[in-house]
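Welcome! Take a look at the model below, then read on for a short tour of its rings, helices and backbone.

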Amino acid sequence: MSGAVRYNAEYFGFIVAFPDGEIVLAAPTAMSVLHEQTTREDLAPHLLTSLEVVEGFHLATPPLVWLELTRRCDLTCPHCYINGGTARPHEMPAERWYALLDEMAKMGVWAVAFTGGEPSLHPHFVELVTYARKKGLLVGIATHGLFLTDEVLDSLPREGVIISVSIDDLHQGRGSHNSPAERGKEAILRAKSHGFLTNVMTNTHRENIDGLADLMQWAELNGVSVRSVPFSPIGRGKLRKDLENGPEDVERAARFWIRECEWEHQYHQAAGLCVGVIFNYGLSLAYMTRRCSSGRFLCYVASDGTVFPCTMCAAENIFSAGNVYNRSFAEVWRGNWDIRAFNWTNFTSTCANCVINDPKYYCASRCPAMSHARHGTFTNCGASEFEIQSTIYRTVLLENSAVGKSTNLHVSASAAE
């Protein structure tokens with residue numbers, strides 16, 4: 001597997017990513033062996049066995065940043081977290097995006113994920129993806145896929161780029177009468193034929209619960225990874241709470257999820273370091289440190305330059321750390337963020353009598369953003385009854401799965417929670 005070892009200096013030593021996708025934490029002594037071709041064997045004596053989690057814990061450089069090129073979208077899907085459709089007032093000009101990519105590459109960011117709205121509607125979409133790769137950044141593209149023509153795909157770099165297409169039967173707007181799910185599949189297969197790593201993004205909800213098994217089978221047969229999230233009442237989703245899964249959906253959703261995890265694990269072993277692998281490690285770090293990775297390991301830059309800890313905070317318009325329209329990204333990231341004052345202890349009283357308040361479960365719903373979406377406060381439970389019961393059922397399935405026994409996947413089990 002080609003590629004260089006990536007590493008950044010941190011207060012505890014280093015965070016290191018190997019081309020095969022393994023990410024580790026190392027002590028300051030690792031400086032003596034770190035270079036772009038360092039082997040796992042070279043680094044082994046320097047791996048951390050414990051991590052001191054300091055107040056306001058965050059990495060000096062985020063490994064992953066989401067870039068919302070525009071909020072403009074030709075679809076108006078009922079689950080859109082960011083209310084895509086119209087552009088934000090004062091969206092950043094292209095030259096600021098190029099400069100921002102320069103700053104991130106110089107700072108040591110490993111990967112960026114271009115999103116929207118619909119990122120391919122940005123007039124410099126192809127050029128920005130190409131420039132990001134030129135600067136050594138790994139790239140993810142989150143798109144509905146309807147504009148991924150052969151011409152567009154021909155103009156994009158292949159190596160280090162993964163294309164994720166949304167397929168969740170909720171697309172509304174342009175061409176929605178022509179089965180956008182099927183058009184999404186066509187876009188994925190077209191991208192795959194051009195040599196791209198590909199991924200299905202799907203939002204699980206009441207209307208597609210019976211079709212998830214078929215979607216998973218299609219993805220496996222065509223060599224496409226899958227990443228799902230459950231429908232949540234954020235963004236435009238607040239108007240369609242009827243789409244949220246109920247307890248009766250737990251078993252079907254959980255069986256889909258475990259199959260998704262097993263398949264993703266196989267896919268990532270072959271793909272190596274990519275946006276999905278880096279995102280999953282952020283979940284692992286969240287589990288280790290007992291605080292969310294948002295604003296600590298990753299962040300989200302909105303198209304007007306506002307920097308949020310994550311997509312959920314962007315959806316709720318909370319915990320902005322500043323704006324990069326006229327400030328450097330490093331200055332904003334390394335400043336003081338209110339979100340960094342929150343950790344799992346803030347939810348102690350909220351979670352005290354919860355059935356999944358147990359070390360054997362990993363609950364990702366100690367989430368200020370989801371608490372805000374559901375209750376208007378920051379430290380209430382962010383979970384639905386479906387998510388609570390799903391955590392229990394999924395844990396049982398995971399413990400009995402081959403991938404659960406061979407990896408620390410229990411740490412990333414909250415990706416869909």
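## Ground rules

A residue is called buried when its relative accessible area is under 20%, exposed when it is over 50%, and partly exposed in between (1.4 Å probe, protein chains only). By that scale, R290 counts as partly exposed at 37% relative accessibility.

This is a predicted model, in which local features need pLDDT of at least 70 and side-chain atom pairs count only at pLDDT 80 or more, while totals for chains, interfaces and linings use all residues. Residues are numbered from 1 along each chain as its sequence is written, and side-chain values use heavy atoms, with hydrogens and water left out.

Helices (H or I, at least four residues) and strands (E, at least two) are DSSP runs, numbered from the N terminus.

## Rings that meet

How many aromatic pairs does a search of the whole structure find? The search finds 14. Rings of Phe, Tyr and Trp (its six-membered ring) pair if their centres lie within 6.5 Å; planes under 30 degrees apart count as stacked, over 60 as edge-to-face and the rest as tilted. Y98 and Y131 make an edge-to-face pair, with 5.3 Å centre to centre and 90° between the planes. Because Y98 lies in helix α2 (residues 94-107) and Y131 in helix α3 (residues 125-134), this pair ties together parts that are 33 residues apart in sequence.

F319 and F378 form a tilted pair, at 4.7 Å centre to centre and with 40° between the planes. This pair links distant parts of the chain, 59 residues apart: F319 is in the loop between α9 (311-316) and β12 (322-323), and F378 is in the loop between α12 (368-375) and α13 (385-399). F319 is buried at 11% relative accessibility, whereas F378 is partly exposed at 29%. Elsewhere, ring pairs join Y11, F12 and F57 into a cluster.

## Charges over rings

A charge sits over a ring if NZ of Lys or CZ of Arg is within 6 Å of the ring centre and within 35 degrees of the ring normal. R290 places its charged end over the ring of Y287, 4.8 Å from the centre. R340, in turn, lies over the face of W333, at 4.9 Å from the ring centre.

## Helices side by side

To compare helices, axes are lines fitted to C-alpha atoms, for helices over the stretch in contact, and angles run from 0 to 180 degrees between N-to-C directions. Angles under 35 degrees count as roughly parallel, over 145 as roughly antiparallel, 65 to 115 as roughly perpendicular and the rest as oblique. The axes of helix α7 (residues 250-271) and α13 come within 9 Å and cross at roughly 50°, so α7 is oblique to α13. Contact means heavy atoms within 4.5 Å. On the α7 side the contact includes V250, A254 and W257, and on the α13 side it includes F386, Y393 and L397.

Helix α6 (residues 212-221) also packs with α7, at an angle of about 10° and with the axes 10 Å apart. The two helices α6 and α7 are therefore roughly parallel to each other. Among the residues that meet here are L212 and M216 in α6, and F256 and W263 in α7.

## Buried spots

Which residues of α12 are buried? They are P368, A369, M370, S371 and A373, and they pack against α9. C367 lies in the loop between α11 (348-351) and α12 and is buried too, at 11% relative accessibility. Leaving out residues up to four places away in sequence, C367 touches F347 and F378.

A286 belongs to helix α8 (residues 275-289) and is buried, with a relative accessible area of 4%. Not counting residues up to four places away in sequence, A286 touches R291, C292, S293, W344 and Y362.

Most residues other than glycine have a negative phi, and most peptide bonds are trans. H90 has a positive phi of about 65° although it is not a glycine; H90 lies in the loop between β4 (64-68) and α2 and is exposed, at 67% relative accessible area. R290, in the loop between α8 and β10 (298-301), also has a positive phi, near 60°.

Where is the cis peptide bond with omega of about 25°? It joins G116 and G117, and G117 lies in the loop between β5 (111-115) and α3.
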